[in-house]
Amino acid sequence: MYSSLGSYSQLPPGTEIRVWTDGGVYHHGIADWNGNVIHARKGHGVIRTSQVDFSYGKPIDKLRTPSSARHREEILQRTNRCIGVPYDLLTFNCEHFASWAWGEPPRSRQLATAVVLVAGVGLAAFALSRG
């Protein structure tokens, strides 16, 4: 469940957020203090930026908020320890980072979906070429 923020606001620290990109995928991050977001960005690794820089001026979706102050602190400790870690599309992209920050195994549903689609197209092309 998520809610879309029509304008930029102070998000509760530890909140997982996302924004739709021009590349046709969601970019994920974790809200930090003072309107900042920690996220993994291609070419930069894990960085802290403003909400505006994170979202490129687009509306932000709020995905989930920590259930307690302790959970929030755990999330923020993990995110801060990761600043500077390199981005890797297959093993540590923005979605992997956000799920890991929440104390879950790193996962990227978007990447998994893309892999399945590419495999399906490849199998279909192979089947058609065989006649």
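What is the accessible surface of the chain, and what percentage of it belongs to carbon and sulfur atoms?

**View 1. Accessible surface and burial in the predicted chain.** The accessible surface comes to about 7600 Å², of which 61% belongs to carbon and sulfur atoms; areas come from the Shrake-Rupley method with a 1.4 Å probe, and for residues only the protein chains shown count as cover. Of the 131 residues, 38% are buried (under 20% relative accessible area, 1.4 Å probe, protein chains only). This is a predicted model, in which local features need pLDDT of at least 70 and side-chain atom pairs count only at pLDDT 80 or more, while totals for chains, interfaces and linings use all residues. Residues are numbered from 1 along each chain as its sequence is written, and side-chain values use heavy atoms, with hydrogens and water left out.

**View 2. Order of helices and strands.** The chain holds four helices and six strands (DSSP runs numbered from the N terminus: helices H or I, at least four residues; strands E, at least two). Along the sequence, the pattern is β-β-β-β-β-α-β-α-α-α.

**View 3. The largest nonpolar core.** Twelve residues form this core, among them Ile 30, Ala 40, Phe 92 and Trp 102. A nonpolar core is a set of buried Ala, Val, Leu, Ile, Met, Phe, Trp, Tyr and Cys residues joined through side-chain atoms within 4.5 Å. Strand S4 (36-41), helix H2 (69-82) and helix H3 (94-101) each give two or more residues to this core, and H3 gives the most, with four.

**View 4. Surroundings of Ala 40.** Not counting residues up to four places away in sequence, Ala 40 touches His 27, Gly 45, Val 46, Tyr 87, Phe 92, Asn 93, Cys 94 and Phe 97 (contact: heavy atoms within 4.5 Å).

Definitions and conventions
Buried < 20%, exposed > 50% of the residue type's maximum accessible area, 1.4 Å probe, protein only.
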